[in-house]
Amino acid sequence: MKRMEEMILSEGKVLPGGVLKVGSFLNQQVDTNFMREIGDEIARLYKDDGATKILTIESSGIPIAISAGFAMGLPVVYAKKNKSSNVSGDVYYTPVKSFTHGDTNNVVVAKEYISPEDRVLIVDDFLAHGSALTGLIDIVDQAGAALVGCVAAIEKGFQLGGDKLREQGYRVESLAIVDEMTDDGITFRPQY
């Protein structure tokens, strides 16, 4: 998505440790007009795949998933990073390591929200090493649901998570793939 690349170049900031800060438009302050474009692009990519639900992980993936849900007319389910008092009954759970935070969370989804009849599209903000998507794929598998694919708003191609998932046979679409980030600039993987 050319517009995603333009937003990253104009508003993104490269921070030490391989961090790309896009808080001004994607995951702390949300540009709602741009989010509508993101939802429309995800809907275009997966329009023929028969998804019945969108699955994401809290918290930065939620605005992107909701935008896709609006564009596709689908409900959105999000995995909580810890079981809390408002998640009752049986749950699917899986450990997910966070690249940004450097910790591991046991993410949970109540079993009532994903069933074997569902066709699930996974949506997240970043794809780096692939831990979040791998965890969400595990939840879809635990539910006996079908996975139609995964979408990341931004993929850090140099961290190889997306390539590994594709090699395993999963359909992974990223709206922008960053192949290199330095103090001198950002290089994107051609996708057009």
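This briefing describes the secondary-structure packing and selected local features of the structure above. The model is a predicted one, and the values given here are computed from its atoms. Its strands include an open sheet of six, in the order β4-β3-β7-β8-β9-β10 and with mixed pairing, and helices α4 and α5 both have contacts with β3, β4, β7 and β8 of that sheet. The points below take the sheet, then the helices, and then individual residues.

**The six-stranded sheet**

- The open sheet is ordered β4-β3-β7-β8-β9-β10, and its pairing is mixed; the edge strands are β4 and β10 (185-188), each of which pairs on one side only.
- Direction ignored, neighbouring strands of this sheet are turned against each other by 25 degrees on average.
- Strands β7 and β8 run parallel and are joined by eight bridges, and within this pairing Val123 has Val151 of β8 as its bridge partner.
- β8 also pairs with strand β9 (residues 172-182), again in the parallel sense, over six bridges; here Val151 stands opposite Glu173 of β9, while Glu155 stands opposite Ile177 of β9.
- The pairing of β9 with β10 is antiparallel and extends over four bridges; a hairpin joins the two strands through two residues, and Thr182 has Gly185 in β10 as its bridge partner.

**Helices on the sheet**

- Helix α4 lies across β3, β4, β7 and β8, and its direction runs at about 170 degrees to that of β3.
- Helix α5 (residues 131-143) packs on the sheet and touches β3, β4, β7 and β8, its direction making about 165 degrees with that of β7.
- The buried residues of α4 are Ile62, Ile64, Ala65, Ser67, Ala68 and Gly69, and they pack against α2 (23-27), α3, β3 (53-57), β4 (76-79), β7 (119-127) and β8 (146-156).
- Gly73 follows α4 and has a positive phi, near 70 degrees.

**Packing of α3 against α4**

- Two packed helices are described by the angle between their axes and by the distance between the axes.
- For helix α3 (residues 32-45) and helix α4 (residues 62-72), the packing angle is about 60 degrees and the axes are 7 Å apart; the two helices are therefore oblique to each other, and their crossing is right-handed.
- On the α3 side the contact is made by Met35, Ile38, Gly39, Asp40, Ile42 and Ala43, and on the α4 side by Pro63, Ile64, Ser67, Ala68, Ala71 and Met72.

**Backbone features in loops**

- The peptide bond joining Glu58 and Ser59 is cis, with omega at about 0 degrees, and Ser59 is found in the loop between β3 and α4.
- Leu160 has a positive phi near 70 degrees although this residue is not a glycine; Leu160 is placed in the loop between β8 and α6 (161-167).
- With a relative accessible area of 42%, Leu160 is partly exposed.

- Asn105 belongs to strand β6 (residues 104-110) and, at 15% relative accessibility, counts as buried.
- Residues up to four places away in sequence not being counted, Asn105 touches Lys81, Asn82, Thr94, Pro95 and Val96.
- Lys111 lies in the loop between β6 and β7 and is partly exposed, with a relative accessible area of 37%.
- With residues up to four places away in sequence again left out, Lys111 touches Asp90, Val91 and Tyr92.
- The C-alpha atoms of Lys111 and Gly61 are separated by 20 Å, the two residues being 50 residues apart along the chain.

Key:
Residues numbered from 1 in each chain as written. Predicted model: local features only at pLDDT ≥ 70, side-chain atom pairs only at ≥ 80, totals over all residues. Heavy atoms only, no water. Axes fitted to C-alpha atoms, helices over the stretch in contact; angles between N-to-C directions. Parallel < 35°, antiparallel > 145°, perpendicular 65-115°, else oblique. Left-handed = near helix turned anticlockwise from the far one by under 90°. Contact = heavy atoms within 4.5 Å. Buried < 20%, exposed > 50% of the residue type's maximum accessible area, 1.4 Å probe, protein only. Pairing = 2+ DSSP bridges.
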